[in-house]
Amino acid sequence: MARTVPDEDTRDDDLPRPGGPARPRTVHLTESDLPAVVERSDWDEGWVLRIGGIEQSHVDLEDPSRIAHEYLRRIAAVVDTVRPRGEPITIAHLGGGALTLVRYVQATRPDSEQLVIELERELVSFVIGALPLPEGTRLEVVVGDAGDRLREMPGRLFDAVVLDVFSGEASPPHLAAEEFYVEALERLEADGMLLVNVGDDAGQHFIAAQAAALEAASASLGLPGVRMLTAAALVERGDFGNYVLLAGGALAAPDVEEQSQRWWAAGPHPAAVLDPEETARFVWKRGR
């Protein structure tokens with residue numbers, strides 16, 4: 001079983017077989033001062049993690065390759081193209097949730113080396129205790145602030161870094177900044193990908209600001225322009241929803257337009273995949 005500790009890495013390949021709890025399990029999270037609950041989903045045979053009463057993650061223990069939440073399906077579609085199909089990758093998850101993407105990567109790319117940085121010290125061990133990871137998962141867990149922990153790994157590079165800690169204007173301001181995006185981009189291999197999930201309220205001012213900050217960070221490092229994946233309706237209307245921003249050297253690949261078509265085809269639909277120019281127009285329109 002993977003352990004969570006504040007100052008040292010943890011690895012363990014001897015993880016138990018899947019099997020959810022007989023009844024809901026609860027833990028109180030220190031940083032947020034909120035309860036976390038793992039229980040059966042209301043709408044299928046999966047499991048959900050709720051924090052403060054709000055559903056944060058969904059897990060299918062029988063089929064970890066099945067992802068329920070739309071934004072995470074878009075992220076998974078991009079991760080599918082980071083390296084050839086089935087090839088192990090190195091990936092850092094900044095924000096753990098119920099480790100849904102960790103499970104997906106293990107199911108689709110066995111032997112991948114995965115790192116989770118999670119602020120809530122109780123969360124990862126609680127989730128794994130309630131919802132065991134697939135056998136063979138190579139997971140390293142570090143507890144602490146994503147920015148601080150990344151700075152402690154100056155020589156370490158990843159094929160992909162996934163940032164999933166933002167929730168509109170309540171997001172950590174020191175992470176929602178150009179300076180942090182530069183640090184995250186510097187943790188990538190030359191052809192790596194940074195994926196940023198941004199949840200935003202109606203008006204879309206926060207996502208516009210984040211896309212602009214990520215574009216500035218990418219430009220400062222000589223990297224290609226930012227792309228965005230979301231529901232098609234959210235491009236036209238200023239509703240609340242989730243957006244996935246992409247940056248990094250992977251976007252300089254000769255077949256990036258072909259990959260973009262694959263991301264769009266993977267859905268969920270109706271889907272929108274914006275190229276750098278379209279993303280810039282979105283930023284201009286929503287950032288006014």
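**Figure 1. Helices α5 and α6 meet through a set of side-by-side residues.** In this predicted model, E178, Y181, V182 and L185 of α5 meet Q210, A213, L214, A216, A217, S218 and S220 of α6. Helix α5 covers residues 178-185, and its axis lies 8 Å from that of α6. How do the two helices lie relative to each other, parallel or oblique? They pack at an angle of about 50°, and α5 and α6 are therefore oblique to each other. If you like to think about handedness, the crossing of α5 and α6 is right-handed.

**Figure 2. L214 touches residues from several parts of the sequence.** Let's zoom in on one residue of helix α6. Which residues does L214 touch, once those up to four places away in sequence are left out? They are Y181, L185, L194, V196, V226, L245 and A247.

**Figure 3. The largest nonpolar core has 40 residues.** L214 is back again here, among the residues with the most contacts inside this core. Which helix gives the core its largest share? Helix α6, residues 205-220, supplies six residues. There is also a second, separate core, which has 24 residues and includes I67, L101, V105 and L229.

**Figure 4. L274 is a buried residue in strand β12.** The strand runs over residues 271-274. The relative accessible area of L274 is 7%, so this residue counts as buried, the cut-off being under 20%. Now follow the chain back to L229, one of the residues of the second core. L274 and L229 are 45 residues apart in sequence, yet their C-alpha atoms are 6.4 Å apart in space. Setting aside neighbours within four places in sequence, the contacts of L274 are R227, M228, V235, T279 and F282.

Figure 5. Where does D44 lie? You can find D44 in the loop between β2 (34-40) and β3 (47-51). With a relative accessible area of 18%, D44 is buried. Its side chain makes a polar contact of 2.7 Å with the side chain of R66, and another of 3.1 Å with that of S41. Beyond its neighbours within four places in sequence, D44 is in contact with H58 and R66. For a sense of scale, D44 and G249 are 205 residues apart in sequence and 38 Å apart in space, C-alpha to C-alpha.

Notes. Residues are numbered from 1 along each chain as its sequence is written. This is a predicted model: local features need pLDDT of at least 70, side-chain atom pairs count only at pLDDT 80 or more; totals for chains, interfaces and linings use all residues. Side-chain values use heavy atoms; hydrogens and water are left out. A nonpolar core is a set of buried Ala, Val, Leu, Ile, Met, Phe, Trp, Tyr and Cys residues joined through side-chain atoms within 4.5 Å. Buried means under 20% relative accessible area, exposed over 50%, partly exposed in between (1.4 Å probe, protein chains only). Helices (H or I, at least four residues) and strands (E, at least two) are DSSP runs, numbered from the N terminus. Contact means heavy atoms within 4.5 Å. A polar contact is a pair of N or O atoms within 3.5 Å; within protein, one must be able to donate a hydrogen and the other to accept it, and residues adjacent in sequence count only if both atoms are side-chain atoms. Axes are lines fitted to C-alpha atoms, for helices over the stretch in contact, and angles run from 0 to 180 degrees between N-to-C directions. Angles under 35 degrees count as roughly parallel, over 145 as roughly antiparallel, 65 to 115 as roughly perpendicular and the rest as oblique. A crossing is left-handed if the near helix is turned anticlockwise from the far one by less than a right angle, and right-handed if clockwise.
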